[in-house]
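Please look over the sequence and the model shown here before reading on. The briefing that follows takes the chains, the ligand shell and a pocket in turn.

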Amino acid sequence: MKHTTIFSKMKFKPNPRSLLIALTIALLLLPFITDALLGRGWVRIVDFAMLYIMLALGLNIVVGYAGLLDLGYIAFFAVGAYCYALTGSPHLALAFPVAFPDGVHLSFWIVLPLAALLAGGFGVLLGAPTLRLRGDYLAIVTLGFGEIIRIFLNNLNAPINLTNGPQGISRIDAVNVAGAPLSATQNILGISFPSVHLYYYLFLAFTALVIFVSQRLEKSRIGRAWMAIREDEIAASAMGINTRDLKLLAFAMGAMFGGASGALFAGFQGFVSPESFSLMESIMVLCMVVLGGMGNIAGVILGGILLAVLPEVLRHSVVPMQQALFGKIIVDPESLRMLLFGGALIVMMLYRPAGLLPSRVRRRELGSDEVAEKA
Amino acid sequence: MTHTPSLLQLSSVSKQFGGLSALSDVSLHIRRGEIYGLIGPNGAGKTTLFNVITGLYQPSAGEFQFNGTHYQTAKPHVLAQAGIARTFQNIRLFANLTALENVMIGRHVRTRAGVFGALLRNRATRDEEHAIAERARKLLHYVGISKPAQTLAKHLSYGEQRRLEIARALATDPQLLALDEPAAGMNATETASLKKLLKTIRDGGITVLLIEHDVKLIMGLCDRVAVLDYGKKIAEDVPEGVRKDPAVIAAYLGGGDD
Ligand SMILES: Nc1ncnc2c1ncn2[C@@H]1O[C@H](COP(=O)(O)OP(=O)(O)O)[C@@H](O)[C@H]1O
Ligand SMILES: [Mg+2]
């Protein structure tokens with residue numbers, strides 16, 4: 001393999017093993033560093049960023065690999081979140097006082113796989129009627145689906161109060177690990193871990209799992225079939241790919257990631273309400289996928305970090321800045337965030353349509369072009 | 001397995017688009033191991049016939065038999081599974097995937113690994129992946145693509161893209177390889193080596209169905225030729241017979257065959 005040797009000589013390539021160890025140590029220390037430098041609120045922001053990364057990686061399976069534009073993805077997050085909200089809180093006592101006088105309090109670890117499976121089922125439910133649709137049409141139907149779920153959650157408080165409507169469900173049980181609730185500070189080996197730190201490690205583990213699953217799928221027979229469908233559905237079917245089954249599988253897998261993240265979200269926040277699952281959130285997650293580089297795991301992670309953290313940076317800088325300059329707030333950070341999003345996406349589409357970190361194939365192709373020029 | 005002499009048999013296949021009869025009452029049979037040519041003027045219905053036998057179109061009437069099984073309405077992937085592989089007149093590669101990946105995707109229908117195989121990457125899956133890649137590399141070599149296997153399909157030359165489509169189709173282990181104008185846009189040298197490749201493929205035991213505009217290529221290569229005109233089969237014979245057929249001369253070869 002002449003190419004790889006030339007290529008590796010051209011670029012400094014640190015030993016991947018030591019790089020991985022360094023990265024792991026940095027990630028393990030991150031909540032303490034963040035806490036010390038920026039304060040506890042920022043650890044919470046990092047936790048949310050990880051939830052977004054999990055969501056974005058799930059959506060990446062649907063959009064990035066299989067090429068199915070899904071604008072209702074947040075609905076699966078909602079399904080997972082409400083799954084745990086209902087089965088891990090006192091709420092159901094309202095609707096069924098006789099059957100569940102204290103509500104239902106299933107262990108998070110039992111609900112998690114069920115939430116993922118239920119969301120996966122919803123994924124198939126969304127996928128089945130949309131199999132013939134592509135592009136814009138699919139986007140519109142999925143958008144509608146996302147809204148329907150949200151509207152259901154908003155209105156299923158009568159005649160039986162199932163979801164508690166717009167008020168949402170609160171007092172959701174914290175996630176327990178080895179009998180210890182993550183909602184309280186825990187002392188492990190003499191080090192005290194506040195709740196946000198504990199959830200950080202939980203989310204880190206799940207993010208790692210999601211990355212692992214994505215990577216394995218991407219470089220597999222299934223992943224290739226998805227990409228074939230993305231590239232040319234007719235050619236894919238003529239090559240013997242059962243496009244119906246594989247599209248449903250993509251919807252289901254993506255939805256399962258969404259559902260699992262939703263259950264984590266509910267346990268972490270202790271409260272869910274329909275407004276967390278608006279169309280804006282779906283678009284936000286899609287932007288993470290597109291901005292970072294569709295189909296590329298590292299790109300999607302970068303997109304997730306940028307879009308989850310930047311708004312917070314804005315919030316923390318714009319308000320004090322305006323207060324100092326004008327003595328009052330003229331542009332609220334939320335509108336500014338949308339303005340910057342829109343602007344960033346337009347610039348991206350113009351100058352980096354493949355995303356900040358384009359998918360591996362393009363990168364590899366650029367690499368071999370470089371080689372060709374040097375040779 | 002039944003070894004009937006004909007591998008593919010069309011019985012009175014018709015295909016209507018609104019008022020237009022793209023195929024009317026076409027019957028033909030292709031024998032195992034032959035190179036069967038399909039010619040006819042533009043718009044005669046050749047591609048439509050391909051689309052019917054590969055499941056992209058449902059015939060309006062009639063049916064076909066492949067390898068002893070009757071099909072009237074079948075999904076493309078079922079026919080690919082049954083052993084029909086094709087190329088497209090207007091090349092349809094997976095443009096943003098590599099040449100190697102394109103061919104590897106052709107192996108999909110003959111391999112098994114599912115989600116669990118992908119996640120566990122157990123011995124069986126690793127062996128299968130290895131075999132897929134190995135076979136794909138061999139096929140790239142077989143059809144004569146010398147560019148690196150990691151080149152994106154869209155960055156291959158036109159002739160190489162046509163060859164890559166053949167390699168991808170061969171990867172499905174077909175019994176019938178249907179090629180829709182594979183020499184279109186090729187220069188004389190490329191056409192000559194394509195001809196050699198098609199002979200090699202046939203000698204390897206694969207039946208070839210060939211749509212081609214280049215009459216010389218058809219005449220020098222095919223065992224039998226069918227001629228379509230306005231959706232009707234107007235002749236079916238050995239090349240010499242077709243060349244002399246008055247109906248064919250009138251409809252197609254006319255003065256064009258210099
Ligand atoms: N999907 C379609 N819808 C409507 N008309 C079609 C379609 N496909 C082919 N046709 C028509 O059927 C006729 C035969 O086309 P085609 O099979 O592509 O011819 P050939 O491949 O022999 O040049 C043409 O008149 C073409 O316009
Ligand atoms: Mg044609």
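Chain A has a secondary structure of 15 helices and 6 strands, where helices (H or I, at least four residues) and strands (E, at least two) are DSSP runs numbered from the N terminus. The model is a predicted one, in which local features need pLDDT of at least 70 and side-chain atom pairs count only at pLDDT 80 or more, while totals for chains, interfaces and linings use all residues. Residues are numbered from 1 along each chain as its sequence is written, chains are lettered from A and ligands numbered from 1 in the order in which they are written, and side-chain values use heavy atoms, with hydrogens and water left out.

**The two chains**

- Chain A has a radius of gyration of 22 Å, which agrees with the value near 21 Å that a compact globule of 375 residues would have; this radius is taken over C-alpha atoms, and the globule rule is 2.2 Å times the number of residues to the power 0.38.
- Taken along the principal axes, the C-alpha atoms of chain A fill a box of roughly 75 × 55 × 50 Å.
- Chain B comes to 10 helices and 10 strands.
- The radius of gyration of chain B is 19 Å, close to the 18 Å that the globule rule gives for 258 residues, so chain B is as compact as a globular protein of that length.
- The C-alpha trace of chain B spans about 65 × 40 × 35 Å along its principal axes.

**Backbone details in one loop of chain A**

- Most residues other than glycine have a negative phi, and most peptide bonds are trans.
- The peptide bond from A:Ala158 to A:Pro159 is cis, with omega near 0°, and A:Pro159 sits in the loop between helix 7 (135–155) and strand 3 (176–177) of chain A.
- A:Arg171, which is not a glycine, has a positive phi of about 55°, and A:Arg171 is found in the loop between helix 7 and strand 3 of chain A.

**The shell around ligand 1**

- An oxygen atom of ligand 1 lies 2.8 Å from a backbone N or O atom of B:Gly43, an oxygen atom of the ligand is 2.7 Å from a side-chain N or O atom of B:Thr47, and a polar side-chain atom of B:Thr48 lies 2.6 Å from an oxygen atom of ligand 1.

**The second largest pocket**

- About 790 Å³ of space lies in the second largest pocket, a volume being the space filled by probe spheres set on grid points joined across faces, edges and corners.
- On a 1 Å grid over the protein atoms alone, with a 1.4 Å probe, a pocket is an open set of points with protein on both sides within 12 Å along at least five of seven lines, and lining residues have an atom within 4 Å of a point.
- Of the 30 lining residues, the closest to the centre of this pocket are A:Arg132, A:Glu233, A:Thr243, B:Lys75 and B:Pro76.

Note on methods: Polar contact = N/O pair within 3.5 Å; in protein donor to acceptor, adjacent residues only side chain to side chain.
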